Amino acid sequence: MRTFRCLCENILFFDNSLCLQCGREVGHCPVCRLLVPLLQTAEGDLRCGNPACEARLVKCYNFVTYNVCNRCVQSATEGELPSTTPLCECCSFTRTIPDLNVPGNLEKWYSLEMAKRRLFYDLDMLHLPYRAGSPGVQPALCFDFKADVTLTNEYWGTVGSKEKVYTGHDNGTITINIREADDVERERLRVELGEAQRTLLGHFRHEIGHYYWDVLVKQQREAEFIKLFGDPMNPSYQEALTAYYNTAPPTNWQSQFVSAYATMHPWEDFAETFAAYLDMVSLLDTAHHVNVSSSAPSLYDLDAIVAQYQQLGISLNELNRSRGTMDVVPEVVSPGVKEKMRFIHHLMTPLR
């Protein structure tokens, strides 16, 4: 993740909508793809503050109405404002939003959209297809942000099987239970499930891994997949799920799996490894842009990427341990995990 500059030379961060030094509004320009000052013109519209761009812009509907976005849309017609406020490209992928009449849901929705924007930054950096009409993009991608429905009366409340929302992916639709945007609830689940990390962005990166299995592996490279990850049909997903929650993972799982959950089923192994790959590339990209690392990650050389990541991970983990906080890089990139990452890396190489 890179940083940006305001006209006053103040540093702008990816999620900013205001420069805290000069007070200018800022937003993401879809033309130059930078976070830029939004300049008001004499005609009352907005211009991109990047002198090399100066595109005419309109704020995203979710930016204007709910302040859960900081992106803009390019105006198609010079001198004529659109009759309706459009959604930016990122927000247009959200099909279902939380009930905003429920206190706290607006804040949860903001956190969800913020994580989704960072996910799309990763996908664009790696040239992964997700837009409708892009070659090979089937099924279409969309996001549902939903909450459990709690039935209550005077004395009790329950959540039945039909009212519970499961975070997951199905045929292009990524569903996120909005309780994952509650820091307290997410930490409770992290401890309860024995996970080294559980983050909102991590959920997006994991579920998009399932999506790209459908887009890049299914009916194309399944034979290669089975050699590395195993046969997803034997045992069935439901059998594997039941076995995972009834038995402990293998004692030496770190030699072949990036997480304990990856041992559950080949599809989950792929999604966990895919998420770890995105974590790795994103962390190295950020380290380069904030001058922690002197060189940008090579998106073509997996061995160099892993070596950089491991070295950076050691430094960051020790810094966090000095403060008594969790490791930034909890996973071990063992030779077995590295070969699975290489499969994912090779899926992306032709796209770049």
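Reader: Hi! Which residue is the bridge partner of leucine 57 in strand 7?

Author: In this predicted model, leucine 57 has glutamine 74 of strand 7 as its bridge partner. Strand 6 and strand 7 run antiparallel and are joined by 3 bridges.

Reader: And what is the strand order in that open sheet of 5 strands?

Author: The order is 3-4-5-6-7, and the pairing is antiparallel. Strand 3 (26-28) and strand 7 (72-74) stand at the edges with a single partner strand each, so one side of each has no neighbour in the sheet. On average, neighbouring strands here are turned by 50° against each other, direction ignored.

Reader: Where does asparagine 50 lie?

Author: Asparagine 50 is in the loop between strand 5 (46-48) and strand 6 (56-59).

Reader: Is asparagine 50 buried or exposed?

Author: Buried: asparagine 50 has a relative accessible area of 17%, and the cut-off for buried is under 20%. Not counting residues up to four places away in sequence, asparagine 50 touches Cys32, Leu34 and Val36.

Reader: Nice. Changing topic, what is the order of the open sheet with 4 strands?

Author: That order is 8-9-13-12, with mixed pairing. The edges are strand 8 (94-96) and strand 12 (168-170); each has a single partner strand, so one side of each is left without a neighbour in the sheet. Neighbouring strands of this sheet are turned by 30° against each other on average, direction ignored.

Reader: In what sense do strand 12 and strand 13 pair?

Author: Antiparallel, over 3 bridges. One of the facing pairs is glycine 168 with threonine 175 of strand 13. Strand 12 and strand 13 form a hairpin with 2 residues between them. Asparagine 171, in the turn, has a positive phi of about 50°.

Reader: How many residues of strand 13 are buried?

Author: 5 of its 5 residues are buried, so strand 13 is largely enclosed by the rest of the structure. Both of its faces are covered: Thr173, Thr175 and Asn177 are buried on one side, and Ile174 and Ile176 on the other.

Reader: How many residues of strand 9 are buried?

Author: 4 of the 5 residues in strand 9 are buried, which leaves the strand mostly covered.

Reader: Which strands does helix 2 lie across?

Author: Helix 2 lies across strand 8, strand 9 and strand 13 (173-177), and runs at about 155° to strand 9. Helix 4 packs on the sheet as well, touching strand 9, strand 12 and strand 13. The direction of helix 4 makes about 160° with that of strand 13.

Reader: What is isoleucine 208 in contact with?

Author: Leaving aside neighbours within four places in sequence, isoleucine 208 is in contact with Leu119, Leu123, Leu141, Ile174, Phe274 and Leu278. Ile174 is one of the buried residues of strand 13. The C-alpha atoms of isoleucine 208 and histidine 169 are separated by 7.8 Å, with the two residues 39 apart along the chain.

Reader: Last topic, pockets. What volume does the second largest pocket have?

Author: The second largest pocket has a volume of about 220 Å³. Its lining has 13 residues, and Arg2, Arg33, Tyr121, Asp124 and Met125 lie nearest its centre.

Reader: Which helices each supply at least two residues of that lining?

Author: Helix 2 (105-125) and helix 7 (266-289) do. The largest share, 4 residues, comes from helix 2, the helix that also lies across strand 8, strand 9 and strand 13.

Reader: How do the lining residues divide into nonpolar, polar and charged?

Author: The lining of the second largest pocket has 6 nonpolar, 2 polar and 5 charged residues.

Conventions
Residues numbered from 1 in each chain as written. Predicted model: local features only at pLDDT ≥ 70, side-chain atom pairs only at ≥ 80, totals over all residues. Heavy atoms only, no water. 1 Å grid on protein atoms, 1.4 Å probe; cavity = no way out; pocket = protein on both sides within 12 Å on 5 of 7 lines; lining within 4 Å. Points joined across faces, edges and corners; volume = space filled by probe spheres on them. Nonpolar A, V, L, I, M, F, W, Y, C, P; charged D, E, K, R; others polar. Buried < 20%, exposed > 50% of the residue type's maximum accessible area, 1.4 Å probe, protein only. Contact = heavy atoms within 4.5 Å. Pairing = 2+ DSSP bridges. Axes fitted to C-alpha atoms, helices over the stretch in contact; angles between N-to-C directions.
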